[in-house]
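Visitor: I'm new to this structure and would like to learn how to read it. Could you walk me through a few features?

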Amino acid sequence: MKENDNILDEITQSEYKYGWVSDIESESAPKGLNEDIIRFISAKKLEPEWLLEWRLKAFRHWQTMKEPKWPNVKYPEINYQDIIYYAAPKQKVTPKSLDEVDPELLETFEKLGISLQEQKRLTGVAVDAVMDSVSVATTFKDKLGELGVIFSSFSEAVRNHPSLVKKYLGSVVPMNDNFFSALNSAVFSDGSFCYIPRGVKCPMELSTYFRINAANTGQFERTLIVAEEDSYVSYLEGCTAPMRDENQLHAAVVEIYAAKNAEVKYSTVQNWYPGDKNGKGGIYNFVTKRGLCAGDHSKISWTQVETGSAITWKYPSCILKGDHSIGEFYSVAVTNNFQQADTGTKMIHIGKNTKSRIVSKGVSAGNSQNSYRGLVKVMKRAENARNFSQCDSLLMGDKCGAHTFPYIEVDNKTAQVEHEATTSKIGEDQLFYCNQRGIDSETAVALIVNGYAKEVLNKLPMEFAVEAQKLLAITLEGSVG
Amino acid sequence: MLKIKNLRASIEDNEILKGITLEVNPGEVHAIMGPNGSGKSTFASVLAGREEFEVTQGEIWFDGKNLLELDPEERAREGIFLAFQYPVEIPGVSTTNFLKTSLNQIREYRGLAPLDAVSFISHIKDRMKLVEIDQSLMSRALNEGFSGGEKKRNEIFQMAVLEPRLAILDETDSGLDIDALKIVANGVNKLKTKDNAVILVTHYQRLLNYIIPDHVHVLYQGKIVKSGSKDLALDLEEKGYDWIKEEFNATTV
C-alpha cells in the first residue's frame, strides 16, 4: 500500500505547461481600489455614463459586503488594495483586423495553441482572445455578422450595441448578488458578448480564450450570452496564466439568458496556473456563472473541466423559470498538490415540468482538497420537477480529501429528486493490472481517470474533448511513477 | 526460456516462497498445483512483478534477461502475460481502448509502429473468433459488470490479442462451468505454438483434462515438493493432497 502511495505521489507531480510570461508592454492602473480607479477604467473604455453609474453602484454595495467564508477552502486574507484592477497590453491603435494586432500578442496565443492567424482560414470555431483585461482579437466576426450573430469583446458591444447590453447586463447575476460578483461589476474590464438572434442556430462553436499575463493584476472579465427564441449556440472558454509566486485573483461573471426554445451549451476548460508543488502561487478563481432559462422549453447546459487554479470557488447554476426548461451540469474537477476546489452547481426549479441533471466527477491527488457543493431547489409552483444528481469522487493517495455537500430544498410534493454519490480510490490492483498488460503507470492513471470522467468528457464539443483528455493526463502526470 | 533458481519471496516479513527452482522451455505446458495457501498465486504474482512481494533471494531469467531488474510493464512487454485470478474492473474504459493502449505500448517497446485503427480492428476480430468471445463485451467497460466467467474469458481473449511468449494462468479455471471451461481451454490450446509456453496455476485437475501439461509440479509450503508427468495430476485428483503433505512432512522431520 505504501509503495503504491509513493507511486501516486510521483505521478501527480508535473509541471505547468503554460507558465511563461510574454514580454508585452502593458498599461495599467495604479494598485488599489476606489471610485477614481473605477472612473479610470470606465474612461479608458470610453463607456457611457449609465455604465459608469452601474459600476459605482456595484462598488458602493461591495463595500458593505463581506467575503464569503463558507466554502471549504483556506487561504490567507486577500488585500484588495494590493491588486491592480486594470492592465491592458499596449497597442497603439485599436486593431481593425488581425494584421494590425501586435505580433508579440499573436505569438502569445500561438504558443498557447490558439493560432489567431490560422483562425482566419479554419472554420468551425470563432475565437475571442482576452489578455489581462482586454480583448485582443475576435475572429470570424464578419461571417457571424451575416447571420445576425453578435460575437465581440464586451467593450465593443457596449459601444456598438448599448441597448442590448443595458437590457441584459446584470439581469441574471445582479450586481449585488454576492461579494465577488459585486467586485466584478465594479471593475470588470472586458470579456465576451454573444447574441444569437431569433431562430438562428449558430453554425460554429464560439470560444473565448482568457490569458492573464501581467503581474499583480486581477482579472475580472464578464461574459454575457443572450440566446433569443428558437436559437442555439455552443460556447467554450479556455484559460491559462503564467507561473508566479504571488496569488492572483480572477473573479469573473458569466450570464446566460435563454428565451423560449433556446438552447445554450457552455463548456469550460479551466487551466489557470494552480501554484507550484508546495502550494506557492496560483490563481484564486472566484467565479459566478449563472444561466436563466427564461422561456418555456429552453435549455442551458454547463460542462466544465477544472484542472487549474490554486483555489476554485465556482457554481455554474441554472434558474429554470420557463415551463419544461432543462438545466444540466457536467463537471470534472481535478485537484493535485495543494489545490483546493469548492465547486458544484445550483438548480433552481421555478417553472412546471422543469428538469435538471447533475453529474459531478471529482478527482483528488497529492495534498489537495476537492469539494462538491450543490443545491437543488424546487419552488412551490414547480409541478413535476425532476432532478437527478450523481456525485462521484476518485481519490489518489492518502493525503488528499474529497467532500460532498448536497443541499436539497423541495417545496412541491410532486417533485422527484434523486441523489447518488460514490467514492473510490485508484487502487494498486487497477494499476498493476494495467502494468501487467504493458501499460506504464502514467498512461494507466490517465486511462483510468479518463474512463472515470468519460460521461462528462463526452459532453464536450469534439475538438475540445481531445484537449481535455490530454489536459487530465498532464495534470496528473508525475502522480504515479 | 524461463529459468528460476532458488526463488524466495515474502510479504511483510512473512516468507511465502521458500526456494523454488524451475525451468520452462519453449513449447512446454507446466502445471503448478497444490493445496490452498501453498504459494501458487504468490508465485504467479512474483513472476509478473507485483511489488507488494519482496524477492529476498534467487534469480529469474527470461530469454536471457534478469527479470528481477524489470518493472511489471517491462516484463509484460518482454512477453510475459498473467491471466488474473480476479480480473480488475476499470469503469469507463472499453476493452477495445484498453487493449489498443496495451498492444501499442508493447509494440513501441519492441520498436514497432503502432497499429492503425483498421489493422487493430481486424486483429481483434480475428482473435475474437479464435477464443469465441462475444462482440458485445468489446464495447463494454473493461470487466465492469462482467460475470465471473466473462471475466476469465476476457483474460484469455486479451492473451490471444497480445500473443505472449509466456502465459501464466492463475486459477483461470476457478468459477467456470464446464462449457466455459472448455471454451477457455480450447482458446489456450489454439494459441499454443512451439515457441511459446504456458504455466497453469490450478487447484484442480479438471482443467488438465483439456489442456494437457508436459510437466506437473506440486507446490506445498512455498516449495516444489514433487514434479512429474501429467499422471501426477491424476494421482492428485484421486488421492487428494494429503499424501503429498505427509510425504513432505516425513522428509523434513
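Predicted model: local features only at pLDDT ≥ 70, side-chain atom pairs only at ≥ 80, totals over all residues.

Visitor: Let's take a strand. Which way do the side chains point in a regular strand?

Guide: In general, they alternate between the two faces of the sheet. Now look at β11(A), residues 253-258, where six of six residues are buried. Val253(A), Glu255(A) and Tyr257(A) point one way, while Val254(A), Ile256(A) and Ala258(A) point the other way. Both sets are buried.

Visitor: Which strands are joined to β11(A) by bridges?

Guide: One is β8(A), residues 222-227, which runs parallel to β11(A) and is joined to it by six bridges. In that pairing, Ala227(A) stands opposite Ala258(A). Another is β13(A), residues 282-293, again parallel and with six bridges to β11(A). There, Ile256(A) stands opposite Gly291(A).

Visitor: And a helix? Which residues of α2(A) are buried?

Guide: In α2(A), residues 35-44, they are Ile38(A), Ile41(A) and Ser42(A). They line one face of the helix, because they fall within an arc of 95 degrees when seen down the axis. The face turned away from that buried side carries the exposed residues Asp36(A) and Ala43(A). Among the elements covering the buried residues are α3(A), residues 49-62, and α9(A), residues 179-187. After the helix comes Leu46(A), with a positive phi near 50 degrees.

Visitor: What about the interface between the chains?

Guide: The size of an interface is often given as the accessible area lost when the parts come together. Here we can count residues instead: 17 of chain A are in contact with 22 of chain B. On the chain A side, the elements giving two or more residues are α10(A), 428-436, and α11(A), 441-452. The most come from α10(A), with six residues.

Visitor: How many residues on that side of chain A are nonpolar, polar or charged?

Guide: Six are nonpolar, six are polar and five are charged.

How values were computed. Residues numbered from 1 in each chain as written. Chains lettered and ligands numbered in written order. Contact = placed C-beta atoms within 7 Å. Helix = DSSP H or I, 4+ residues; strand = E, 2+ residues; numbered from the N terminus. Nonpolar A, V, L, I, M, F, W, Y, C, P; charged D, E, K, R; others polar. Buried ≥ 20, exposed ≤ 12 C-beta atoms within 10 Å, placed from the backbone. Pairing = 2+ DSSP bridges. Arc of directions from axis to C-beta.
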